[in-house]
Every structure is written in C-alpha cells, then in structure tokens.
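Please report on the fold and the side-chain contacts of this model. Cover the sheet, the helices packed on it and the charged pairs.

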Amino acid sequence: GFGACLADDMGLGKTVQTLAMLDRERVRGEKRPVLLVCPTTVVTNWVREAERFTPALRVLVHHGSGRHRDRAFLREAKRSHLVVSSYGLLHRDTEQLGRIDWAGVILDEAQNIKNPDTKQSRAARALPAEYRLALTGTPVENSVADLWALMDFLNPGLLGSHGGFRNRYQIPIQKWGDEQAARQLRRVTAPFILRREKTDRRIIPD
C-alpha cells in the first residue's frame, strides 16, 4: 500500500475531502471497512459530518465503555464502511484492531503520533492496511523530528530507521542549519504531502 498526508490549513475541509474519497471508494465496490483514528473530542464531529455529506456510508463508532468487543466488534466492523475510534483506544485495542482486513487507516490530527516511542505511535504504525492517510494542519509542529514517525506510519522505511534519520537529517538541519540536508528531506517527503493554505488565492474559491 501507499501513504499520503493531507496537510491543508484548518478550515479547508480535510474532513469532507476524506469522506468524499471514502464514498467514492464505496461506490466503486470497496467492501472492506476503513479505520479512522481521531482525538476523542472530534469523534462526534466525524459522525455528524458523515451523516450530513455522505449519508450512504455506514459508520460505526468504536469508543466509550459501551463499545463492541471481540467477535461482536469484528462482526459490526465488517458490516461498516467507516469505523471511528480514538487515539486512547488505539493501543488498548491493538490486538482487536489488528485482526481486521482494513482497506485503509486514517489518522486525524496525525501530529498525535509524532513521538515515535509512545504506545499510540507504535500501535498506529503496526496497523495492517492497504493504504494509509494522515490528516494534519501541522505536519511539522516543533521540529524536523516530528516528520519521522508520521512518514514511517505512511510509508514504512521511506526515511530509514529512526537513528539513521536523526544522523542524516535531524541533527544536521537543527544543529548546523544544513541546507542541503533540508532540501534532500523536502525532496524525499514532498510527493507524499499535500498542503494548501488559506492565504493562497487560488484555493479559496474552491
């Protein structure tokens, strides 16, 4: 599979674009469910937006104490087009989530996995899926270091090992302002990141 990051500014409709893509896949005959992981605070927002823009998508919320477990979850997930869950559950339910043949895995507010050593980040990178999508208005929040875990989720191995990435890019760019390393990193990651900004006059009419 492949992975891409939609890094449009806030307010440019990353949610709607994602739902439209899922609906098109459904129309084309995709039967497998897609897993969407987001912060707890936006779970209901995804459900609301799906009801509004893509009412034909069957959405299952996998969250909260009343959520389906084990066989019941496997059964319900397979009947759904989209399963919405939260980062908190990602590492708690890793085994269960890993049993499903996901068409895709989508991370909303994907900067949540930028620290590669957290349980959430590891669990996200271990999920099996044909394609992976990351949604974030801030692909690099604080430093170049944020990119490794995101890219390793999207396209495992693209930036090499974590240690190799630090030696090749992170340290030269942050410590010595190495322009060549920065250009090289942009060249390697650019094909997988789509970022549009509100200030871009060509975007707003859309």
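## Basis of the model

This is a predicted model, in which local features need pLDDT of at least 70, side-chain atom pairs count only at pLDDT 80 or more, and totals for chains, interfaces and linings use all residues. Residues are numbered from 1 along each chain as its sequence is written, and side-chain values use heavy atoms, with hydrogens and water left out.

## The sheet

An open sheet is built from 7 strands, ordered E3-E4-E2-E5-E6-E1-E7, with parallel pairing. Strand E3 (59-62) and E7 are the edge strands; each has a single partner, so one side of each lacks a neighbour in the sheet. Helices (H or I, at least four residues) and strands (E, at least two) are DSSP runs, numbered from the N terminus. Two strands count as paired if DSSP finds at least two bridges between them.

Strand E2 (residues 34-38) runs parallel to strand E4 (residues 82-86), and 5 bridges join them. Within this pair, Leu-35 sits opposite Val-83 in E4.

## Helices across the sheet

H3 lies across E3, E4 and strand E5 (102-108). It runs at about 150° to E3. H7 lies across strand E1 (2-6), E5, strand E6 (129-135) and E7. Its angle to E6 is also about 150°. Axes are lines fitted to C-alpha atoms, for helices over the stretch in contact, and angles run from 0 to 180 degrees between N-to-C directions. Contact means heavy atoms within 4.5 Å.

Asp-152 belongs to helix H7 (residues 146-154). Its relative accessible area is 14%, so Asp-152 is buried (under 20% relative accessible area; exposed is over 50%, partly exposed in between; 1.4 Å probe, protein chains only). Leaving aside residues up to four places away in sequence, Asp-152 touches Arg-125, Arg-132, Gly-157 and Gly-160. The side chains of Asp-152 and Arg-125 make a polar contact of 3.5 Å. Such a contact is a pair of N or O atoms within 3.5 Å; within protein, one must be able to donate a hydrogen and the other to accept it, and residues adjacent in sequence count only if both atoms are side-chain atoms.

## Helix H9

Ala-181, Ala-182, Leu-185 and Thr-189 are buried in helix H9 (residues 179-189). Viewed down the axis of H9, the buried residues fall within an arc of 100°, so they line one face of the helix. The arc is taken over the directions from the helix axis to the C-beta atoms. Their cover includes H7, helix H8 (162-176) and strand E7 (193-194). Gln-180 and Arg-187 are exposed on the other side of H9.

Asp-178 caps the N-terminal end of H9. One of its side-chain oxygens lies 3.0 Å from the backbone nitrogen of Gln-180.

## Salt bridges

A salt bridge here is a side-chain nitrogen of Lys or Arg within 4 Å of a carboxyl oxygen of Asp or Glu. The count is 16. Glu-30, Arg-32, Asp-101 and Glu-130 are linked in a network.

Asp-23 and Arg-26 form a salt bridge, with the closest N and O atoms 2.9 Å apart. They are 3 residues apart in helix H1 (residues 14-27), about one helical turn. Asp-23 is buried at 18%, while Arg-26 is partly exposed at 26%. Arg-79 and Glu-76 form a salt bridge at 3.0 Å. They too lie 3 residues apart, in helix H3 (residues 70-79). Arg-79 is partly exposed at 47%; Glu-76 is buried at 18%. Arg-28 bridges to Glu-25 at 3.8 Å. Arg-28 is exposed at 61%, and Glu-25 is partly exposed at 24%.
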